[in-house]
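Please examine the structure shown below.

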Amino acid sequence: MLKVNGINAFYGKIQVLKSISLEVEEGSIVTILGANGAGKTTTMKTISGLLKPQAGSIQFQGQDVTGLRPDQLLRKGVALVPEGRQILSGMTVLENLEMGAYHRKDNEIAQDIKNVMERFPILEERQKQLGGTLSGGQQQMLAIARAILSKPKLLLLDEPSMGLAPLIVADIFKIITEINEAGTTVLLVEQNARQALKISDYGYVLETGKMVAEGSSQKLLNDPRIMEAYLGRKSS
Amino acid sequence: MLAELINPYYLQVASFILINIILGVSIYITLSTGQLSLANAGFMGIGAYTSALLTLNFDLPIIVGIFAGTLLAGLFGILIGIPTLRLQGVYLAIVTLGFGEVIRVIFVNWESMTKGAVGLSGIPHMGREILNTLRGFGFDPKILGLQNNQFVFLAIFLILLVATISIITFFRRQNRSRVGRAFAAIKLDEKAAESMGINITYYKVLAFAQGALVAGFAGTLFAHVLAYISPADFAYHRAVEILIFAVFGGSEVIWGPVFGALFLTAMPEVLRFISEYRYMIYGLIIIIMMAVRPQGLIDVNILNWVKLKTSRRGQKHGTSSQKSM
Amino acid sequence: MVLQVKKACKNFGGLSALSDVSFSINQGEIFGLIGPNGAGKTTMFNLITSMFTPTSGEIIFNEDNINGLKPHLITKKGICRTFQNIRLFPQMTAEENVMVGEHCRSKSGVISSVFRTKSQRKEEDRIHSKANELLEFVGLGGYAEVVSDSLAYGQQRRLEIARALASSPQLLLLDEPAAGMNETETSELFHLIKKIQEQGITVLLIEHDMPLVMRLCDRIAVLNFGKKIAEGTPAEIQNNPDVIEAYLGSEEEDLYA
Amino acid sequence: AGDEEGKSSGGAVKADIGVISYISGPGAAYGEAITNGLKLAQEEINGKGEVEINLVIEDSAGKQDQALTAAQKLMNSENVTGIIGPTLSTEMNVVGPEADLNGVPIMGTSTTAEGIPQIGDYVFRNSLPEALAIPAAIDKAIEKYDAKKVAILYGNDDVFTKSGFDTMKKAAEEKGLEILTTETFQKGQSDYNAQLTKIKGLKPDLILASALYNEGAVIMDQARKMGIDVPFVGGNGFNSPEVINIAGDAANGLIVATPWYGEKEDDKVKEFVSKYEKEYGKKPDQFAAQAYDALYIMAEALTNAGEADRDALRDALAEIKGFNGILGEFSFDEEGDVVMDPTVLVIEGGAFKEFN
Amino acid sequence: MLIEQLINGITLGSIYAIVALGFTLVFGVLGIINMAHGEIFMFGAFIGVVVTSTFKGPLWLAFLAAILVTAAMGYMLERFALRPLRNKQGVSHLAPLISTIGVSILLENLSHHIFGPGNHPFRASFAEISFQIGSITVYLVQIVIFVISVLLMYALSFWLGKTKAGKALRATAENLETASLLGVDVKRTITMTVIIASAMGGIAGILVGMAFNSVTPQMGLSIGLKGLAIIILGGMGNVKGAMAGGLILGLAETFVVVYGDSGYKDAIAFVAIIVILLIRPQGLFGQKISA
Ligand SMILES: Nc1ncnc2c1ncn2[C@@H]1O[C@H](COP(=O)(O)OP(=O)(O)OP(=O)(O)O)[C@@H](O)[C@H]1O
Ligand SMILES: Nc1ncnc2c1ncn2[C@@H]1O[C@H](COP(=O)(O)OP(=O)(O)OP(=O)(O)O)[C@@H](O)[C@H]1O
Ligand SMILES: CC(C)C[C@H](N)C(=O)O
Ligand SMILES: [Mg+2]
Ligand SMILES: [Mg+2]
């Protein structure tokens, strides 16, 4: 479904991505792992159109989408939950959710909003509150809920569990599997490597802008070399 | 020989450039705490009127007028700085612009004191006063081979030059110190700065008052160089012009407003030959400049580059001091 | 007793973010503050550092009531914090960030700075060397000249800690320092906080990373919906049914063993 | 002018005359009229061959500091023999002392405020001061309408209109008029209804308005629309054919005193008007006329001086007596100020007429 | 007399409000104070003069032309003075402000050259239509101005608050990146907004020309400054606030003349905002958004 081919990305003159390639099969969950600053977020930004690659190409459902703007990509079915939430802080929770469905034209929006509110009851309770005044974790939930509402074919999640309480983290992973089962393909960036690999089919490992390993999640989980080098030892 | 080199026209333009540089620095100081104050034209007016009225009505020496005008402007800076502390960004900009307008309207309406829009003329002229004083000691510009007016403008120019250099030195040093770091921290993130133990009230008011002080000082100089002032000199246009100096030149480093003022004051003079179009061109240049170099003419990178070219290493805390310039 | 929070309440309009929360922290301990999202943890930090004024209640630091004191005075008294959503001074270098942290422990003003008095130069030298020591301490030795904006996330978190330490705090408040870190980085963080404790600094920690919290903290308080539902040692907390129900969950228990 | 061109052997006196004019900015219309008048005169004068004048024109944008730098440039870089301008009295207040100090004769053609020639020996003007014009106009109006109560309206943030107001107020007080109210307006304002409504309620016999024609015309228009039909007395800045263009019928009833009357039965005047209209496509106003005469006065002084020398030019200017130009007979008094009788005009049926 | 003054105040206030709406719209979306708005307004007025007085065209044509021209100017403003600054690294937040100031200087001087300096009469027979109610004369233009301002206010607040496009606009205002991630074509949204705001400026220009028979290249500045004061007064980016602020200011200015000293008329706007902001830093109707 998604094919990334040798992309390079820069911030100013600094090259952050060096010929990254990856592939996401329709219906799967794929995880990108890597230490802080490896370039995970940059990869996500490039795929979602926030950043233009200097070289390489991106294909989505067989179409070349390299260099399209984020709104054009969204219309094709690619949605991103950005790192750091990016809530619309001056708009209410409800308006944030409505914006999630901005590009949709069907008439199930109201129903869908109700559904995500059921999933995240706090959002229903706070629907009139300004997004900016939610707690960190509440904002994270809002960001995910908002992306779900855009009904993407491919959902890009950049560290969705960051700042969430343990119970909710477990919830989030459950929700990701549910969304996936309902037919959405997911590309996931996570520090919570073990859990992420547990729910995903395939994984990539990034190191300072280069892809250094890949394989089925099972294989990565069981590869002690990788687990140690990139994910750290399981704490006692 | 000296006499041929000294053309009062160029000295006159240079004097206005220097006054404008001081004005540019005045807005830069307040900006370096992240506060955009457009009240500096008003402060300039307070300085100018105070000094002019004191020297006109009480025959005080110019130097006393300059001192009093500068201080009074600084005092107003504190008075305005405190209540406007709560305002941010555009709100602050517009309120301070409004303050300037109110000052102007007061100058216009307080006729018994200011003669209203007619303005104050016959203000003691700095250069001519110096000439007269020196004459009292038996000095004649001819001794230096100069005409009277050449001497007058040379004197003004030198005084302004010394004043400008002192002011720039003052603030460069301040920038590289604990005070400068506090300013920068407040500019970048006020809440975080406060949490790190910086008394933001104090430093913001300090910066505001310093800006007012410097603008007031420029105002006193303006009054005694032009010998005539009227409320229109301190209106919206002046406020905006000062802001343009800083942003056009680059508001991150002190050299920005300096070069901005230099360039933008000299440009209309250079463009004199196309008089009718020069303000259109002025507008166009501003637009193009912002599109091409929105950070202004001078920024940290340029300064570093210049440093690199001119000095041959051996500097201890290089980047940190360059940055805060 | 370094810090005592007595019946702290904070309302936002009709919403009660904290109600009647009390706890106290002993000299030299690492105290954990945990609870679900929106429980009021960050709000508690904001009350302690006077970013918000409490609706009611008292906060006592070293016997002094610090309610309503200006934030910078609180830092001066010896409390400093980091932020949940990193708030470094982005265009400053790492070193400069830390130097700003030393503000309240130094004193040269405009005049001495401009005239470069002897004491001012001595103070600057001292600030410099202390800043570099601190960068070394948090493991950012080589990054003094790097603009903080272009540091990686984990490094930024550590830089925030260095900056807070620069104010020589007696009590350090850390808001989710491990967020976004992988396990290797988290374990480095663990050692760093331990080292801080060894220097005699008391730590109040907000964190969702349970393994870290449980290993690090001497005592823990749990907030839920703005109320304190438990307080005790890690072992007590882990087995407290209310906490399990509200926060830890039981399904995935094996993960946090 | 350099020595070489000062006196070309036996022939014409060649001189550079500097001009400081308001060419860009809100008052550019004044500067335009002035430079037009000057250029027309220059062409004629140079055509006659007695003197050869080269005009060096600089813009001041109506600002004192720019007027000053322009003056410095003219005096020091261009070495002009004399200067015409600047346009505004404010500018003259700054430039005058400097020219005087440098010994460069300078002549205002539109500066009407008090105290201009008194700045120094080298400062002159040929523009009719408000102090002469306004009382003359008020006198005639009182006489004709038997006015007792007046309202005054003026722009208080402009030097010229404010000083015009000062003169008006003094004149009104001297004539024993009752001043019902004094209202002000500000630059760039387009709505005068509040002030006019207030004035209307007080029922004055006459409205004294110190305004530039741009604002003045609009004021009359709005006044007439709300039913105020008393006459207006205006000052120098109000005096322009443009008032009729802008306000149309509403301009009827404006009384001004002027040095310049374009409909005068005089050959010189007629010739000037027709030439001007041909050249620039509109009727000359007093500013064009005064500038035109000013250059002729300069030329005569240069001829009399016999050389392009600043001091000689000054002395020759001071000697000018009974000069006969399109403004009528003209002399300088000892201070360099104007000696002449203003004509009082009124707008009737869409044209300026002599007011009797 | 009082009623006449009331009408004067409301007319003036309605004009201020329309101008302020344009400011608010651009500020709301871009967070930029568009200093060129006053000059665009001035161009609108001039187009009106050219069509009605120079070409003797009908009034509706004047409106149409003014809307088209000012809309085009809005496009150019966005395209050449604002867009180049967007998404650029190291842009000072003051840059767009200065850039629009540059545009305002350019436009003011340009209009000197195109239309000539000084006052241009706006003669439309429509402007002469009036009613006599007792001793009071009411001009149709005055009513039209008031009605248009109220309509524009309602249209705008409905658009911003209730429609999808309006929400997209607010999202764009908050955060360009996020809005585009949510599928908003931010470039188009921004361009459209600047165009609409400018066209509103054009409408206001013609109305002023008609009501006061006065059009000059300088008219933009003074009204622009008032407009700024009003959006502050009413709370930035707040449509109803802009309307209320405009009316309050118009009435205040009128009544300063009636009961006070007209010399202070110009200062009223600013004295008012200084006082109000010291009491309510977010403006009369503004909401406080804490970070
Ligand atoms: N706006 C920017 N300008 C300059 N450099 C940047 C910028 N954003 C990121 N970088 C640099 O690019 C590199 C990759 O950053 P990126 O955010 O993609 O990492 P990441 O893998 O997502 O890390 P993390 O786990 O901390 O989120 C880092 O070295 C970072 O410092
Ligand atoms: N300025 C505010 N206005 C209104 N409500 C607020 C404000 N700040 C916080 N809240 C609310 O107060 C509650 C507590 O927020 P707080 O940020 O303290 O939570 P937290 O415990 O830190 O959560 P997290 O772990 O998600 O960061 C939340 O419900 C939040 O929505
Ligand atoms: C152009 C004129 C209106 C100038 C005016 N007469 C003055 O003395 O300033
Ligand atoms: Mg990342
Ligand atoms: Mg929190």
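Buried area is the accessible area, taken with a 1.4 Å probe, that two parts lose on being put together, summed over both. The model discussed here is predicted. In it, chain B and chain E bury about 3600 Å² between them, and 79% of this area lies on carbon and sulfur atoms. On the side of chain B, the residues that lose the most area to chain E are B:Tyr91, B:Ile94 and B:Met280, which together account for 17% of what that side buries. The contact draws 39 residues from chain B and 44 residues from chain E.

Across this interface of chain B and chain E, the rule finds 0 salt bridges, and 1 residue pair is found in polar contact, with both residues at pLDDT 80 or more. The elements of chain B that give two or more residues to the side touching chain E are helix 5 (89-109), helix 12 (236-249) and helix 14 (278-292). Helix 5 of chain B supplies the largest share of that side, 12 residues.

Attention now turns to the metal site. The magnesium ion (ligand 4) is coordinated by A:Thr41, through OG1, and by A:Glu83, through OE, at 1.8 to 2.3 Å. A:Thr41 lies in helix 1 (residues 40-48) of chain A, whereas A:Glu83 lies in the loop between strand 6 (78-81) and helix 3 (93-100) of chain A, so the pair ties together parts that are 42 residues apart in sequence. A:Thr41 is buried, with a relative accessible area of 18%, while A:Glu83 is partly exposed, with a relative accessible area of 26%.

Terms used: Residues are numbered from 1 along each chain as its sequence is written. Chains are lettered from A and ligands numbered from 1 in the order in which they are written. This is a predicted model: local features need pLDDT of at least 70, side-chain atom pairs count only at pLDDT 80 or more; totals for chains, interfaces and linings use all residues. Side-chain values use heavy atoms; hydrogens and water are left out. Donors are N, O and S atoms within 2.8 Å of the metal (3.2 Å for Na, K and Ca); water is not among the atoms, so sites may look incomplete. Helices (H or I, at least four residues) and strands (E, at least two) are DSSP runs, numbered from the N terminus. Buried means under 20% relative accessible area, exposed over 50%, partly exposed in between (1.4 Å probe, protein chains only). Contact means heavy atoms within 4.5 Å. A salt bridge is a side-chain nitrogen of Lys or Arg within 4 Å of a carboxyl oxygen of Asp or Glu. A polar contact is a pair of N or O atoms within 3.5 Å; within protein, one must be able to donate a hydrogen and the other to accept it, and residues adjacent in sequence count only if both atoms are side-chain atoms.
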